[in-house]
Amino acid sequence: MSASDGGHTSAQATGADHLAARSAVEIFTPSTYDTAVPYDLFAHLRRESPVCWIPEPPIGPWREGPGFWAVFRHADVKHVLRTPEDFSSHLGATQIRDPDTPADLRFVQSQMLNMDPPAHSRLRRIVAAAFTPRAVRALERTIAERAAALFEQGECDFVEVAADLPVWTLAHVMGVPAQDKRLLYDWASRVIGYQDDDYAHLSTADVESLTPIGRLALAARPELGPGVNPRSRAALSDMFAYAHALARTPVDGESVMAAMREGGLTEAEFENMFFLFAVAGNETLRNGIPGGLLTLLQHPAELARLRADPALLDSAIEEMLRYWPPVMHFRRTATRDLTLAGRPVRAGDKVVVYHASANRDPSVFADPDRFDLARTPNDHVSFGFGPHFCLGAHLARAQFRSLFRELLAWDVELSGSPRRLTSNFQNGLKHLPVRLRRRS
């Protein structure tokens, strides 16, 4: 019996489960997140239905799906993430939305993010060899200099200010010419913000300022019809045209991408690694840094505490990541029939872990809804857990550290209303208007 034929709701679920599922469909609906992450609903489901079956109704161009098991407790989230033999990243990939065709599934399965050991382990070793803490430390001075250059007195949209740093850093480590770095911004926007009309077709790169390969990529941008999966090969043909052209172009031998090519990536693996860096390497910072600042502004006593004791910066960054997780969930697929928190999960079922809920689990975090810059320990899962723990965590923390260290030298206040990204996946802001004034 399949997950879509009523077996989960009629044979396995109680009346209370039906109520929970009807309420929890809000978690699946992207517009839920237009105003806030539904932490109250997460808290209710953690208590009453910590592993809950959620339907996937059609939403806009997103066709109806078979439904999935949502996992809300910290311990269960960690269990799923650390046992790929039971909960695979490869079978159905790591997004709730199923790839549209078998060819699309095979395409995303070739990405490291969507692999299981041992295939995943091989690629991770190649990446790790080029992306070490030592390499990040060598970058920190230039990152700090870039962060300091981003601030100027007056009003600005801090989302744009914050977006510059990860895009500049990624261009630097990937060997992308500075003239083309805005392409990275646009590609990431289309992929991570496709549920939001403002991001789905974003194109901000100035064709006149691009390199020849950048202009060729822009010319190759596909015209997407309604319902086309933004993570499909067809939707990203311009990105991959650029990646292949870049692979044939001499670049700085110290770039991460050059080092990975030398480490044995095939052409297809290089192409998909380019996708992973350009998108996953971008989204954490683009979402997390503005979210961290807004959280500080909403907790002025904690901001004052940080200004009085800058030594709290490292723990403050971890608390920002816990309190405002940039990515709210990831999907796995059950490899066999099993039981999870008392629920009978069938082979092939989608299992979606909610980092945003796990980070507020009161069994792990005392007073979890309180923002505490000195919180310790802080076992958040915003960078994942297990085999897929984020390889770029060192680099992300370095960028957080550089930007917020510089920000302490400025008075910051909201100058307008923040606007959230419409997405059930990314915890992001589209606009954060602020006023900056250098402190005397």
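Contact here means heavy atoms within 4.5 Å. The structure is a predicted model.

**Exercise 1. The nonpolar core**

Task: Find which residues touch the most other members of the largest nonpolar core, and list the contacts of phenylalanine 158.

Solution. 
1. The largest nonpolar core holds 91 residues, and Phe158 and Phe274 touch the most other members.
2. Helix α14 supplies the largest share of this core, 14 residues.
3. Leaving out residues up to four places away in sequence, phenylalanine 158 touches Phe151, Ile289, Pro290, Leu293, Leu403, Leu407, Leu432 and Val434.
4. A second, separate core has 20 residues, including Val37, Leu45, Trp62 and Ala70.
5. As background, nonpolar side chains in soluble globular proteins tend to be buried together.

**Exercise 2. Salt bridges**

Solution. 
1. The cut-off is a side-chain nitrogen of Lys or Arg within 4 Å of a carboxyl oxygen of Asp or Glu. By this rule the model has 31 salt bridges.
2. In the salt bridge between aspartate 86 and arginine 336, the closest N and O atoms are 2.8 Å apart.
3. Buried means under 20% relative accessible area. Aspartate 86 has 12% and is therefore buried, while arginine 336, at 41%, is partly exposed.
4. Arginine 146 and aspartate 164 form a salt bridge whose closest N and O atoms are 3.0 Å apart.
5. Aspartate 164 is buried, with a relative accessible area of 18%, and arginine 146 is partly exposed, with 24%.
6. One further pair is aspartate 76 and arginine 73, whose closest N and O atoms are 2.9 Å apart. Aspartate 76 is buried at 12% relative accessibility, whereas arginine 73 is partly exposed at 34%.

**Exercise 3. Strand β1 and its partner**

Task: State how many residues of strand β1 (residues 51–56) are buried, and in which sense β1 and strand β2 pair.

Solution. 
1. Of the 6 residues of β1, 5 are buried, and the strand is mostly covered.
2. Strand β2 (residues 65–71) pairs with β1 in the antiparallel sense over 5 bridges.
3. Within this pairing, tryptophan 53 stands opposite tryptophan 69 in β2.

**Exercise 4. Backbone exceptions**

Task: Locate the cis peptide bonds that join proline 117 to proline 118 and threonine 376 to proline 377, then the positive phi values of alanine 341 and aspartate 367.

Solution. 
1. The reference point is that most residues other than glycine have a negative phi, and most peptide bonds are trans.
2. The cis bond between proline 117 and proline 118 has an omega of about 10 degrees. Proline 118 is in the loop between α5 (102–109) and α6 (119–130).
3. The cis bond between threonine 376 and proline 377 has an omega of about -5 degrees. Proline 377 is in the loop between α17 (355–358) and α18 (393–407).
4. Alanine 341 is not a glycine, yet its phi is positive, about 50 degrees. Alanine 341 sits in the loop between β6 (338–340) and β7 (343–345) and is partly exposed, with a relative accessible area of 37%.
5. Aspartate 367, also not a glycine, has a positive phi of about 45 degrees. Aspartate 367 lies in the loop between α17 and α18 and is partly exposed at 46% relative accessible area.

Key
Residues numbered from 1 in each chain as written. Predicted model: local features only at pLDDT ≥ 70, side-chain atom pairs only at ≥ 80, totals over all residues. Heavy atoms only, no water. Helix = DSSP H or I, 4+ residues; strand = E, 2+ residues; numbered from the N terminus. Buried < 20%, exposed > 50% of the residue type's maximum accessible area, 1.4 Å probe, protein only. Pairing = 2+ DSSP bridges. Core = buried A, V, L, I, M, F, W, Y, C linked by side-chain atoms within 4.5 Å.
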